[in-house]
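I wrote down each thing in the order in which I looked it up.

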Amino acid sequence: DISHAGANVGKQLKNVKINTYHMSLFAYLLEQMRSIPDGNGTLLDHVMLLYGAGMGDGSIHSPHALPVVLAGGGCGQLSGGRHLQCATDTPMMNLGLSLLDKVGVELPRLGDSTGRLTGL
């Protein structure tokens with residue numbers, strides 16, 4: 001009910017509060033992983049964590065403008081500190097397909113993917 005707030009400002013504010021709390025938990029996880037030594041770096045350097053939502057607007061079940069965070073170094077496969085914006089209507093599975101490439105799993109397609117993301 002809260003994530004489908006529509007124009008209800010009270011529900012929208014509650015949704016912001018819930019999402020802010022969830023992001024604080026994600027940030028805590030990242031900090032913990034950054035503090036754990038692992039080989040020639042930290043645990044965070046050696047993972048790829050994807051956090052986000054499958055709906056850009058839950059009120060209309062929109063799969064566009066998805067809020068997604070990709071964290072970790074992926075053993076040198078990812079560089080951080082960037083904001084990437086994909087073209088409108090880019091399928092989420094283009095990201096999934098691109099991440100699989102980075103871990104050595106090469107598939108021609110994944111779900112509704114239409115290609116790979118560039119600049120990842």
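I looked up the second largest pocket and found 21 lining residues, with Asn 15, Asn 19, Ala 53, Met 55 and Pro 67 nearest its centre. A pocket here is an open set of points on a 1 Å grid over the protein atoms alone where a 1.4 Å probe fits, with protein on both sides within 12 Å along at least five of seven lines, and lining residues have an atom within 4 Å of a point. I noted that α1, β3 and β4 each give two or more residues to this lining, and that α1 gives the most, with six. Helices (H or I, at least four residues) and strands (E, at least two) are DSSP runs, numbered from the N terminus.

I noted that this is a predicted model, in which local features need pLDDT of at least 70 and side-chain atom pairs pLDDT 80 or more, while totals for chains, interfaces and linings use all residues. Residues are numbered from 1 along each chain as its sequence is written, and side-chain values use heavy atoms, without hydrogens and water.

I then turned to the largest pocket, which 30 residues line, and recorded Leu 66, Val 68, Leu 84, Gln 85 and Cys 86 as the closest to its centre. Its largest share of lining, four residues, comes from β4.

Last, I checked helix α2 (residues 92-102), where the buried residues (under 20% relative accessible area, 1.4 Å probe, protein chains only) include Leu 95, Leu 97 and Leu 99. The buried residues of α2 pack against β3 (49-52) and β4 (68-71), contact being heavy atoms within 4.5 Å.

Methods
Buried means under 20% relative accessible area, exposed over 50%, partly exposed in between (1.4 Å probe, protein chains only).
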